[in-house]
Structure formats: structure tokens, C-alpha cells
Amino acid sequence: TQYSVAVAFLRHIQLVLSHSFMVAFRRRLRKFGTKLAKTMASEAIRHPQKFRRKMGQVMTGLRWLKYLAPLIGTFNKLLGNTLDLIKKFNQERQAKRAARAKRTLMNEMTPEERQVYVATRIQSSFRSRRARKSFHALQLLKGKTEAFAAMRLQKRLRVVAAQARLRVLKKKQELKELQERELKKMKENRGKDGHLDAGERRRMYELQDELNAQAREYLGKRMLLRPNTRFAVTWKILFVVCVLVEITQVALKPMIDQHFAKKSKEPVQLIDILENRLVPIPIIEWKSCEYAKKALEAEEVPPVLKAFHMFKQEKKVLAAEKTEKIWYCEDPYTKYHSVFRDFVRFLLRNTINFMSIICFMDVFVTFFTGELNPENGCLIPKPFFTRWILPGLTLQMLVNPMMASVASLTFRTINESFRIGIVRVWRWAFSFFFPLFVIIAKTLEMSVWRPLVKEQNTFSTLS
């Protein structure tokens, strides 16, 4: 009841504010419109030809603005994704080139040379380690201040790291003991009383929050995809193709509307044009197969009317039999052609759906794709502004072609929730939809994304 009253109060405030804003906006718009109408009427009466020419220029400019605005935005998106694709492609090519040179060097070696190469690498590593130790010992003997400071700093950092690992381990053990103690008390009191006291419960919650924050930071690094992997390059190519299709649709929309406006009152989609151009005509409608169509029409006469149309039916059948039959107008070729038409239509429909899925999922793939540090080549997350704002998650959600459908569905859901009852919908969502969403997200993360990232990153690192 409290939540319902609070929602109703907030809804009333929102309606009052929106009504006040709309009244003020309409008043200002009416005032501005009246002033503009007087100015335009005066200009039209005094200089009609000049007024007509200016209005034509204004309408032409508005039409060009309506046409070029989405086209420029899509071209900007295409340019950014193309530059990103070129960068990732070059990184992947350099990694493949290095891996190919390494494999070629190893394959050209005989087994004896390979053993010598491995032994030489081991000896080189051992000698370099001894050389470093000797250098450090020499620095100690010389007594340089910088060397002593560096060694003390390294030793201190190692001690701090070991202490941090020990603290995390102790916190995990403490949290485990508190959870086991709480579970034991609940079993002893059958879930009614006997929970931990306020201090222990607060300590348990603090440990959970702290360890969860550390785990999220660690898992965030584990979920980053290297930009020079084969999956990242292939995904970026698919998305660039989707953007090209979107540009084509936006650029050809005026011509499509003008060409098909007389034939259909409904808006024509790109999929309809592709089906009209790519799906072949049925064989039965070909001019060379008219005899088969006539024979089919003769066979489709209802049994009740056969007595009245017997003579016409026999005449059509005889005419069809006298016509020379063509091999591609007969079975089973007509069935094969029909199956091919259904397959092409199915492929076109699902290709459009597949492109929609790619455009929607590109937001998350781009967000979880890291970048390589130019100094040491390590995988690091993108900077905050680049990852979250521009050209990060916020801009990707604004310019993504699937976000219009998502926004429409969201507003429709909100309006339906107010009609049903926002508190009731919130309870349904909190008890069913949110846990279901978390389960689906965790399943996709653990079963799809993290294995994919691990496999791609490991392959890229090894190569």
C-alpha cells in the first residue's frame, strides 16, 4: 500500500509538471506562430514572387536536411568502424606474420637442430639470469644509492603483495566461517530465530561486498577480448557490412518511396524489394510453360461442374497433349524450383534477422573488447570516456539501428505497466523477470562469452 501511494503521488506530480510544461510551450508556440504568420502574410502580399521563391528554397533545404541528416550520421559510424576494422586487421596480420615466421623456422629445422635450439634457449635463459644476478651483486659492491633503493622498493612490493594475498585468504576464510555459523543456527532453530548478532552480520555483509568488488575487477579483466583476434576482426567485418546495408537503405529510400508509392500505400521495406528482385518467378507462370498451366486449370474443374464442362475439359486436355512438352515444365523440376524459391526467401528473411542481431549485439561486443598497450603490448580496458561515452556504450546505443525498436518496446512496456499497476509489475519483475534475466546473462557469460574470450586470447597469445 505504501509503495502504491508513493507511485500514485509521483505519477500525479509527473502529470502536473508535464501538463504545465505543455501549456507553457503551447502558449509560447502560439505567440511565435502568430508573429511568424503575420510576417509571412505581409511578405506574401507585398512581394509574392520573392516569397514563393524563398518558400521553395526553404522547403528544398528541409527535404535535403531530412535526407542527409541520417545519411551523414550513418557515414560517420561507417568511417569509425572502418578505421577500427583496419586497425584490428593490421594487428591480426602482424600477429599471424610473426606466428608464421616462427612456425616456418621451427618446421625447417631437423630434430637435431630443434634440440640444439631448445637447449640454446634454455642456456640463454640461464645465462641471462646469472648475468642479472651478477649485475645486481656488482651494483651492491659498488654501493650505488639507486640500486639499493630499487632493491628495497622491490622487496617491499613483494612483501606487500604477499600480505595482500594473505589478507584476501583470511577474509575468505572468515566469511566462510560466518556463513557456516549462520546456516548452522538457522538449522538448529528451524529458520526462525538464532541468527548472527548485528556486529557479525554487518561484518559478513562487509566481507561479501569487498570480495565481490575484487572479484568483479578480476572478472572484468578476464572478460576482455583482444582486438587482434580472428573473432574480433570477423565481427567487425560483419558489422561494417550491416552498416553498408543500412546506408544503402537510407540513400535509396526516397527513390524507393517514389517508385512504389503508386503501387502500394504501405511503406516498402528493403526485404520486399530484395524478394521481388532475387526470388525467381514460378515455372508455371513462364510463357514457355503455358500449356502446363492450362492443363492444371483443366484438372482443377470441380466434380459437380465436370458434366457441364466435359466437352471444354476434353478439348483443353487434348490441346495440352498435342503441345510439345518441355522438360523443365514437368515434375520433378517444378518441385525443385519451388523448393529453391522457398530456400531463397527463407535465406533473405533470416539474413535480415541475423543482421539485426549483429547490430544489437555489437554494443556489448564493442564494450568488452579491450585494446593493446602500445608500450608493452598488454591487454588493457579502454579509457572511461572512450569505453562509456564517445564512441563507447552511450553513443553506440544512440546510433545503433536496433535501438529504435528497443525504445519503442520500452515505452510500450512502461505505458502497459502503468495501466496494469506499476507496483504489481515491479513485484512480478523483481520475483521472476530479474532472476530470469540474471540466470540468462550468467549462462551466456559462463557458457558462451568467457570460453570464447579464453580460446581467442589464448590462441592469439600463443601465435
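1. Val448 sits in helix α14; helices (H or I, at least four residues) and strands (E, at least two) are DSSP runs, numbered from the N terminus. Val448 is partly exposed, at 48% relative accessible area. Here buried means under 20%, exposed over 50%, and partly exposed in between (1.4 Å probe, protein chains only).

2. This is a predicted model: local features need pLDDT of at least 70, side-chain atom pairs count only at pLDDT 80 or more, and totals for chains, interfaces and linings use all residues. Residues are numbered from 1 along each chain as its sequence is written, and side-chain values use heavy atoms, with hydrogens and water left out.

3. Val448 also belongs to a nonpolar surface patch of about 1,100 Å². Other members include Trp426, Trp428, Phe432, Phe433 and Phe434. Helix α14 (residues 422-462) gives the largest share, ten residues. Patch residues have over 30% relative accessible area and no salt bridge; nonpolar side chains (Val, Leu, Ile, Met, Phe, Trp, Tyr) are joined within 5 Å, like charges within 9 Å. A salt bridge is a side-chain nitrogen of Lys or Arg within 4 Å of a carboxyl oxygen of Asp or Glu. Areas come from the Shrake-Rupley method with a 1.4 Å probe; for residues, only the protein chains shown count as cover.

4. Helix α2 covers 60 residues (48-107).

5. Buried residues of α2 include Leu71, Thr74, Leu78, Asn81, Leu85, Lys88, Ala95 and Ala99. An α-helix has 3.6 residues a turn, so residues three or four places apart point the same way.

6. Lys88 deserves a look. This lysine of α2 is buried, with 8% relative accessible area. Beyond four places in sequence, Lys88 touches Pro227, Asn228, Ala232, Val233, Lys236 and Thr369. Contact means heavy atoms within 4.5 Å.

7. Val241 lies in helix α6 (residues 230-260). Val241 is partly exposed, at 41%. Met355 is 114 residues away in sequence but 8.9 Å away, C-alpha to C-alpha.

8. Overall, the protein has 14 helices and two strands. Of its 463 residues, 19% count as buried. Among contacts with a separation of 6 or more, 73% join residues 24 or more positions apart.

Key. Expected span 1.5 Å × (residues − 1).
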